[in-house]
Amino acid sequence: VGIIDSTTSATCTGTLIAPNLVLTARHCVAALPPMFDCMSAFGAEVSPSVVYVTTEPNLWMAQPSDFYQASAIVVEPGPGVLCGDDIALIVLGSNVPAAEAAPITPRVDVGAMVAETYAAVGYGATSDFGSDGGERRRRDGLVVECLGAACGASVGVTEWRGNEGICAGDSGGPALDAQGRVLGVVSRGAFGCTQPVYADVLQHADWLRAEGVDAAAVGGYPTPPWALGEPTSMG
């Protein structure tokens with residue numbers, strides 16, 4: 001899904017993981033210092049009232065009625081630093097109908113693996129200085145290069161790094177595995193839209209499950225099996 005801050009027009013990407021629950025990057029909904037590094041702490045979250053989400057394939061062509069307003073922004077307890085904690089949830093004020101979009105299962109029971117292939121989806125531009133952001137695109141055949149500390153000092157122990165394919169506006173977007181599950185959430189990347197760093201969904205599994213249960217109670221729908229500890233594999 002596409003995410004927009006109505007006060008700044010800043011855009012990000014997210015994944016609908018339940019009818020009223022969107023998984024994204026924390027820096028999409030919380031401030032960072034103007035000059036930041038791996039251990040920089042996030043500031044306060046923005047007001048949910050300025051955050052809007054759409055399932056439409058183009059943010060700029062979507063109509064006002066195509067957007068869902070956030071009712072809450074949820075971040076994981078802990079240090080709250082860029083390298084390792086760049087993950088957040090947006091609770092929507094109303095459920096996205098199943099006929100409009102089917103939620104995607106987060107892979108909360110199996111972590112990313114070196115050399116695993118994945119697809120990236122996002123509303124970002126196609127180059128560092130491109131002006132073509134706002135349209136949803138998908139790129140297949142990407143590869144997990146390294147996990148955690150093996151990637152070097154610029155990657156947290158709960159993160160992993162891919163090879164390429166992520167540009168500005170793709171923040172918060174998913175890495176989808178071969179079964180279509182979310183195994184990572186885009187945090188940041190290097191110049192040239194290379195070396196994307198993802199939050200490893202497995203490393204945040206307990207928090208995601210608990211919030212999945214709470215969101216289902218708020219939205220009035222059955223709790224997703226993944227939030228109850230059911231296997232996420234389709235076979």
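Tutor: Before we start, a nonpolar core here is a set of buried Ala, Val, Leu, Ile, Met, Phe, Trp, Tyr and Cys residues joined through side-chain atoms within 4.5 Å, and buried means under 20% relative accessible area, with a 1.4 Å probe and protein chains only. This is a predicted model, in which local features need pLDDT of at least 70 and side-chain atom pairs count only at pLDDT 80 or more, while totals for chains, interfaces and linings use all residues. Residues are numbered from 1 along each chain as its sequence is written, and side-chain values use heavy atoms, leaving out hydrogens and water.

Student: Which element gives the largest share of the largest nonpolar core?

Tutor: That core has 23 residues, and Leu21, Leu23, Leu89, Val201 and Leu208 have the most contacts inside it. Two or more residues come from each of β3 (15–18), β4 (21–24), β7 (88–92), β12 (182–190) and α2 (205–219); helices (H or I, at least four residues) and strands (E, at least two) are DSSP runs, numbered from the N terminus. The largest share, five residues, is from α2.

Student: How many residues does the second, separate core have?

Tutor: Val22, Tyr68, Ala70 and Ala88 are included in it. Its size is 19 residues.

Student: Why does proline 106 count as buried?

Tutor: Proline 106 sits in the loop between β7 and β8 (117–122). Contact means heavy atoms within 4.5 Å, and beyond its neighbours within four places in sequence, proline 106 has Ile17, Val182, Val201, Trp226 and Thr232 in contact. It counts as buried because its relative accessibility is 0%.

Student: Which backbone nitrogen does the aspartate 170 side chain reach at 2.9 Å?

Tutor: The side chain of aspartate 170 reaches the backbone nitrogen of tyrosine 123 at 3.4 Å. At 2.9 Å, the backbone nitrogen reached is that of cysteine 167.

Key:
A polar contact is a pair of N or O atoms within 3.5 Å; within protein, one must be able to donate a hydrogen and the other to accept it, and residues adjacent in sequence count only if both atoms are side-chain atoms. Buried means under 20% relative accessible area, exposed over 50%, partly exposed in between (1.4 Å probe, protein chains only).
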